[in-house]
Structure formats: structure tokens, C-alpha cells
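Read it alongside the coordinates.

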Amino acid sequence: MKTSVIAYVYSIVVASAAALVLSYLYDPSFAFSLFAVPGLLAFVAFFGAISSYRIQGSTFGEISFIPYLTAIVLYPSWSTLGAIGVGALLAEVAKPKTGIKRAFNVGQTVLAGAAALFSYALLGGVALQTDKAFQPIPHVAAVLSFLLVNTFAVATAIGLAEGKSIIKTWAKGNVAGLAYDAVAVLAVYAFARAYVDWGLWGILGFCGILVVLRFTYQSKHQLQTTNKELLELFVHTVEFRDPYTSGHSQRVRRFSRIIAQEIGLSPKEVEQVSKAALLHDVGKIHEIFAPILMKPGRLTPEERAIMELHPIKSAELVAKISELQDIVPAVRHHHENWDGTGYPDRLQGKEIPLASRIIMFADTIDAMTTDRPYRKALGEADVRAELVKFSGTQFDPHICAALLGSEKFSRIFDKNDDGDVYSLTQIIDAIRKRRHKTPAVA
């Protein structure tokens with residue numbers, strides 16, 4: 001483990017201990033009658049933590065943060081923070097992890113709890129057990145503080161360990177879940193009110209609801225992840241036939257995501273383009289292409305005519321999956337040229353689906369930026385020149401102008417940029433471009 005990561009973990013542990021002491025010094029009072037339920041909720045969170053579920057790879061999801069936050073709004077006290085630390089420690093001890101990972105997880109949980117506690121208290125929040133009224137400013141601040149500290153602490157650890165941007169790492173893992181964070185604000189208040197209004201029966205009932213939601217979300221998320229991984233496995237299988245295009249579909253997807261963002265498409269539209277780009281060449285798995293893909297030299301006219309059937313075969317395969325019906329046209333027409341000289345249907349101009357026009361750029365850029373037996377990969381200046389040269393013939397001139405005019409064009413040549421929107425500035429730019437669409441996307 002890197003020295004920087006070890007030092008960071010120690011700093012988190014020290015900061016969490018300091019936060020616990022500071023919370024006691026801020027208000028050393030203690031009321032057992034108010035602490036009893038937060039202590040119970042910490043125990044509930046312990047069970048939530050040990051029943052975490054796999055999201056992807058070594059990433060796991062859990063719902064323990066909701067009981068922790070509920071405990072804080074019910075009784076914002078140093079003793080509640082201590083109970084959170086005990087609950088987190090018990091959960092870590094119950095898992096087969098190294099000591100340093102356990103220390104980090106406990107430390108960052110306590111630190112996030114402290115951020116929530118101080119946000120709630122300093123903004124005038126009072127124990128919900130003594131005042132049922134919803135206190136929107138301190139309540140929202142407490143939930144957001146907890147989530148931000150928790151997620152940034154983890155992103156920093158990953159970023160240091162893998163040598164990646166912390167902001168990019170955080171955004172990749174959390175931007176998609178912002179809607180769930182908004183729901184957490186209401187869930188925490190509902191959980192707290194369930195106890196205040198109905199006592200322990202309220203807690204038991206709400207715990208039951210959380211368990212149901214947890215398994216529902218787990219099943220849905222794991223199904224989506226499995227489908228995505230199966231598609232990627234299928235694409236890898238196709239690319240094994242051609243040694244010169246290994247990783248081609250993944251790169252085309254990355255380029256397509258960047259281009260789609262730079263011309264102002266919405267996140268949903270970007271995702272649709274991404275799927276079509278990943279699957280644009282899957283038809284090459286058909287047996288008629290195998291001998292041609294293995295051929296080292298130039299193709300004959302007959303062989304080229306056969307290869308020009310691959311968009312049709314790709315579209316036919318994609319069409320067999322009901323959830324992918326909306327990207328079939330994008331897959332079929334990714335080799336259509338703007339001037340109508342492409343294939344398979346010789347579509348022209350805006351008759352060509354927008355996603356297909358984007359994939360045409362991405363496909364060509366990958367060909368230019370990948371080493372071939374007969375030439376080395378082209379640099380950014382040469383790629384620019386080629387795109388300008390064929391703008392209006394092979395490429396949509398509006399997309400070409402928007403892409404080359406963007407200061408983010410260089411993202412294409414950054415291999416650490418996987419095509420996701422990372423920064424607040426990029427998100428704002430995407431919204432602005434969405435409001436002022438270029439002719440390419442009108």
C-alpha cells in the first residue's frame with residue numbers, strides 16, 4: 001500500500017477522534033432517555049453494514065447511513081456520535097478485512113457523522129425527540145454533509161491508491177446516485193418521525209420498508225450490471241477475431257461519449273449513444289466475416305462488399321434484445337457518410353441518425369489514433385486536419401465545427417478520461433449546450 005494512502009488513513013482516524021472529542025467539548029450534556037433510541041439505531045446500522053451487497057467488482061452498497069443519520073437528528077449529541085463509531089467498529093470487525101481498511105472505514109464514518117452533527121447543531125437543529133417539526137435547513141445540511149464527507153473520503157482514498165483524480169473518482173461513483181441522495185433527505189426524516197409518532201413499532205415498520213427497498217434496489221442494480229457486463233463480454237468475444245481492433249469498441253464508446261457531451265446532448269442521450277457505440281461492430285461475429293478479418297493484406301472488391309454488410313448484421317443482432325430496440329438505427333447506419341456515399345443504405349445528411357453521425361466520428365478517430373502495421377497513430381493536430389478535410393463529405397459539418405471549436409477536444413487524447421462528465425463546470429457546460437443546441441442536434 002502506498003505511503004500516501006497510509007498517511008491519509010491515519011489522518012482520517014486522527015481527525016475522527018478529534019471530532020468526537022470536540023463534539024463532547026461543544027456540549028458535554030447527556031440524557032440517557034434521549035440516547036437509548038440512537039444507540040438502538042446504531043445497532044440497526046450495524047446489521048445494515050454487515051448485509052452489504054456487491055454492486056460491481058470490489059464495490060459494495062449498503063443502507064447503514066440512514067439509521068446513522070436518523071440517530072443524529074433524533075439526538076444530536078456526542079454520545080450519538082460515539083454510538084455510531086461503535087456500530088461502525090462492530091460492522092468492520094465482523095468482516096474479513098485488513099486492519100488499515102477497518103480503521104479507515106470506522107474513521108470516515110465517524111468523521112461523516114461529526115460533519116452531520118455539527119451542521120445540524122450549528123444551524124439551530126434540535127433533537128427531533130423533543131420537537132417534531134421538520135427543520136429543513138439543519139436537516140438537509142446534516143444529510144448532505146454526511147454524504148459528501150463520506151463519499152469524498154472514499155474517493156480520496158481510491159484516487160491516492162490508483163493515482164487518479166479525486167474529483168473524477170468521486171463523480172464517477174456518485175453523480176449517478178444524486179437522486180438517491182435527495183430521497184435520503186426525506187427518508188431520514190420519515191424514519192425519525194416514525195419513532196417519534198409510533199415508538200419502537202415505528203422503527204420496526206420502517207426497518208421492514210428499508211429491507212424491502214434494499215433488496216428491490218439490489219436486484220435491479222445487479223440485473224443492470226450483469227446485462228452491461230454480458231454486453232461487454234460479447235463485444236470482447238467479437239474483437240478476438242481481429243487482433244488489430246482489440247479494445248476498438250470500448251474506445252469508440254469513450255470517444256462517442258465525449259463527442260455527445262461536447263455537442264450538448266443530455267445524459268440520457270449520451271448513454272444511448274454510448275450503448276450504440278459499444279455494439280456497433282458486434283455483427284462481425286458472423287462467420288462470413290471470419291476469413292476476411294484474419295486476412296493480413298488489402299481486401300478485394302468482393303471482400304470489401306462483404307465487410308460492408310457488418311452494420312446490417314450488427315443491427316440484426318442488437319434488434320434481438322428488446323431493451324435495445326431504440327439504438328438499432330444508430331448501429332445500422334454508423335457507416336453512412338454525410339454526402340450519401342456511405343453504406344448500407346446511402347442515407348444523406350440529417351437522414352442519418354444523430355447517434356450514427358457521432359459514432360462515425362468516433363470510429364474514424366479511433367482508426368487514426370491507433371497504430372497500424374502500415375503507419376503510426378496520428379497526433380491531435382493531424383486528426384484535426386483530417387476531420388476538417390472530410391467535413392461535409394464523410395462527417396456532419398455541424399458536429400465537426402462544434403467538436404473542433406470546443407476547448408475540450410483534447411479530452412479525446414487523454415486516455416485517463418473515460419468519457420464521463422466529471423466536474424461541475426462540465427455539467428454546467430452540458431446544460432448550457434443543451435439549451436443552445438447546435439444545428440447538429442436540432
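The report takes up a helix pair, then ring pairs, then a loop residue. The model is predicted.

**Helix packing**

Two packed helices are described by the angle between their axes and the distance between the axes. Helix α10 spans residues 248–262 and helix α16 spans residues 354–368. Their axes come within 8 Å and cross at roughly 130°. The crossing of α10 and α16 is right-handed.

Which residues make the contact? From α10 come H248, R251, V252, F255, S256, I259 and A260. From α16 come I358, I359, F361, A362, D363, I365 and D366. Sorted by class, the contact of α10 with α16 has nine nonpolar, two polar and three charged residues.

**Aromatic pairs**

A pair of aromatic rings is described by the distance of the centres and the angle of the planes. The structure holds nine aromatic pairs. Two of the nine are set out here.

| Pair | Centre distance | Plane angle | Geometry |
|---|---|---|---|
| Y8 and F104 | 6.0 Å | 45° | tilted |
| Y24 and W78 | 5.1 Å | 85° | edge-to-face |

Y8 sits in helix α1 (residues 3–26) and F104 in helix α5 (residues 99–122). The pair therefore ties together parts that are 96 residues apart in sequence. Are these two residues buried or exposed? Y8 is buried, and F104 is buried too.

Y24 also belongs to helix α1, while W78 belongs to helix α4 (residues 78–93). So the pair of Y24 and W78 ties together parts 54 residues apart in sequence. Y24 has 38% relative accessibility and so counts as partly exposed. W78, at 25% relative accessibility, also counts as partly exposed. Ring pairs link Y24 and W78 with F30 and F35 into a cluster.

**A loop histidine**

Where is H335 found? H335 lies in the loop between α15 (328–332) and α16. Its relative accessible area is 17%, so H335 is buried. Leaving aside residues up to four places away in sequence, H335 touches H310, P311, G342, Y343, M360 and D363. Of these, D363 is also one of the α16 residues in the contact with α10. The C-alpha atoms of H335 and E308 are separated by 8.6 Å. Along the chain, H335 and E308 are 27 residues apart.

Terms used: Residues numbered from 1 in each chain as written. Predicted model: local features only at pLDDT ≥ 70, side-chain atom pairs only at ≥ 80, totals over all residues. Heavy atoms only, no water. Axes fitted to C-alpha atoms, helices over the stretch in contact; angles between N-to-C directions. Helix = DSSP H or I, 4+ residues; strand = E, 2+ residues; numbered from the N terminus. Left-handed = near helix turned anticlockwise from the far one by under 90°. Contact = heavy atoms within 4.5 Å. Nonpolar A, V, L, I, M, F, W, Y, C, P; charged D, E, K, R; others polar. Phe/Tyr/Trp six-rings, centres within 6.5 Å; stacked < 30°, edge-to-face > 60°. Buried < 20%, exposed > 50% of the residue type's maximum accessible area, 1.4 Å probe, protein only.
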